[in-house]
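Morning, everyone. Please have a look at the sequence and the model on the screen. I'll walk through some parts of the structure.

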Amino acid sequence: MLLLSLALRNYRNYSRLDLEPGPRLNVFLGLNGQGKTNLLESVALLALSASPRARRESELVGPLAPEARVEAVVESRGRQSEVRISIVVEGERARRRIEIDGVPKRAIDLPGLFRVTLFWPDDLGLVKSGPDHRRRLLNQMLVQVVPGYTANLSRYARVVEQRNSLLKQVAAREQPPAALDVWDVELARLGSSLAEARAGAVDELRDLAAAQHAAISGGERLELDYQGPPADLLEAVHNSRPEDLRRGSTSVGPHRDDVAIRLDGREARGFASQGQQRTAVVSIKLAEAAVIQARTGEPPVLLFDDVLSELDAERRQALLAGLSSPGQVIITSVEADPFPAGVIEQSVVRCIEKGQVVGCG
Ligand SMILES: Nc1ncnc2c1ncn2[C@@H]1O[C@H](COP(=O)(O)OP(=O)(O)OP(=O)(O)O)[C@@H](O)[C@H]1O
Ligand SMILES: [Mg+2]
């Protein structure tokens with residue numbers, strides 16, 4: 001998997017960028033607020049079809065015109081494709097258009113063509129923040145490797161929404177309870193398929209993440225456990241109906257999933273230090289890359305934003321050693337300092353200044 005070229009037009013603080021990354025390790029250095037995270041976000045957009053950080057798509061559009069564009073040539077299994085994403089602001093809303101090799105595509109059809117594993121500082125919340133962050137982790141990986149997962153995910157979200165509004169109508173006696181039956185069945189069908197994919201993903205991630213974490217930390221034990229819906233989801237949905245009617249929302253199903261993260265046998269959420277959290281998240285991300293490679297036969301492009309800060313010298317060295325897989329890596333840092341000796345010499349190093357990529361020094 002390779003990003004051969006990237007062109008940004010009016011994307012966040014990039015008015016115009018044309019870039020050809022190297023096939024291995026690419027390092028982008030820049031001070032705060034210069035565009036490092038924006039650059040990685042644009043590459044992630046090509047893989048996921050939506051930004052994992054923007055709350056509104058219109059945030060992606062720069063000051064110049066009503067339109068932002070991300071265009072790239074990517075290569076998978078020796079085959080090149082041209083991906084174009086354009087985001088046009090129309091009043092309050094933004095419209096996204098996607099083309100692959102000149103053919104318009106729906107957003108749900110893009111994931112899987114170009115695959116990435118993304119780590120950025122927002123992901124540090126993975127250990128400490130709420131379960132939706134951990135569900136997003138699994139979704140980000142699964143949309144790229146399981147055909148149909150993206151479509152199921154969005155169908156499931158619609159079913160939950162429609163069931164919730166029907167619950168309120170049934171509670172208000174505007175609809176008979178039997179009207180819920182078809183939604184219960186649909187919820188259980190789609191929900192079971194999502195849960196099965198997620199359980200399988202955690203099973204594959206578990207040992208790989210533990211091995212990465214042990215290697216980077218010098219022996220800490222990382223454990224992951226999927227906490228999914230009951231095995232007989234239809235029965236559980238049925239049994240929860242009285243409670244759901246009282247609350248006006250659906251209480252069982254994979255929209256309530258979580259992944260338990262433990263370090264040396266204890267819940268990481270409560271006590272892991274900053275550096276330990278970072279190590280755990282990076283290890284899970286490296287495991288994700290390994291799972292993507294195992295499932296698809298190709299390593300994803302690794303996008304690591306400011307990954308080295310807060311790690312001690314030994315952890316940095318071990319982490320970078322873990323990146324010696326044959327794939328393409330794009331890594332950012334405020335300074336060249338934290339890179340262990342030799343790494344910068346083996347990389348394509350560029351500097352980012354005010355939304356421009358320039359040579360360093
Ligand atoms: N839609 C937009 N239009 C113009 N500028 C934007 C837009 N969205 C974000 N920016 C600007 O982009 C700049 C760079 O952001 P980015 O997050 O990429 O910085 P960074 O290099 O990662 O910095 P840090 O080291 O602090 O993480 C910010 O100053 C932000 O104000
Ligand atoms: Mg940043």
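Start with helix α3, residues 131-145. Helices here are DSSP runs of H or I with at least four residues, strands are runs of E with at least two, and both are numbered from the N terminus. Why do we say the length of α3 agrees with expectation? The expected span is 1.5 Å times one less than the number of residues. For the 15 residues of α3 that should be 21 Å, and the end C-alpha atoms are 22 Å apart, which agrees.

A word on the source. This is a predicted model, where local features need pLDDT of at least 70 and side-chain atom pairs count only at pLDDT 80 or more, while totals for chains, interfaces and linings use all residues. Residues are numbered from 1 along each chain as its sequence is written, and chains are lettered from A and ligands numbered from 1 in the order in which they are written.

Back to α3. Its buried residues include R134, L137, M141 and V145. Buried means 20 or more other C-beta atoms within 10 Å of the residue's own; exposed means 12 or fewer, partly exposed is in between, and C-beta atoms are placed from the backbone. The buried residues of α3 pack against several elements, among them α1 (36-48), α4 (149-171) and α9 (274-296). Contact means C-beta atoms, placed from the backbone, within 7 Å.

Now the domains. The protein chain splits into domain 1, 1-115 + 299-361, and domain 2, 123-297. Those bounds come from an automatic or database domain assignment. The C-alpha centres of the two domains lie 27 Å apart. Domain 1 puts 19 residues into the contact, and domain 2 puts in 22 residues. On the domain 1 side, α1 and α10 (313-322) each supply at least two residues. Which helix gives the most to that side? α10 does, with 5 residues.

Next, the sheets. One open sheet has 6 strands, in the order β8-β12-β13-β3-β14-β15, with mixed pairing. Two strands pair if DSSP finds at least two bridges between them. β8 (116-119) and β15 (356-358) stand at the edges with a single partner strand each, so one side of each has no neighbour in the sheet. Neighbouring strands are turned by 20° against each other on average, direction ignored. Axes are lines fitted to C-alpha atoms, for helices over the stretch in contact, and angles run from 0 to 180 degrees between N-to-C directions.

At one end of the order, β14 (residues 348-353) and β15 pair antiparallel over 3 bridges. There, C351 stands opposite V358. Helix α1 packs on this sheet, at about 150° to β12. α9 lies across β8 and β12, at about 175° to β8.

One residue in α1 is worth a stop: A44. Is A44 buried or exposed? Buried, because A44 has 23 C-beta neighbours inside 10 Å. Beyond four places in sequence, the contacts of A44 are S51, P52, V116, L118 and L303. T117 is 73 residues from A44 in sequence, yet 8.3 Å away in space, C-alpha to C-alpha.

Two more pairings to finish. Strand β1 (residues 2-11) runs antiparallel to β4 (residues 67-76), joined by 7 bridges. R9 stands opposite R69 there. β4 also joins β5 (residues 79-90), antiparallel, through 10 bridges. In that hairpin, with 2 residues between the strands, R77 takes a positive phi near 50°.

Notes
Two residues are in contact if their C-beta atoms, placed from the backbone, lie within 7 Å.
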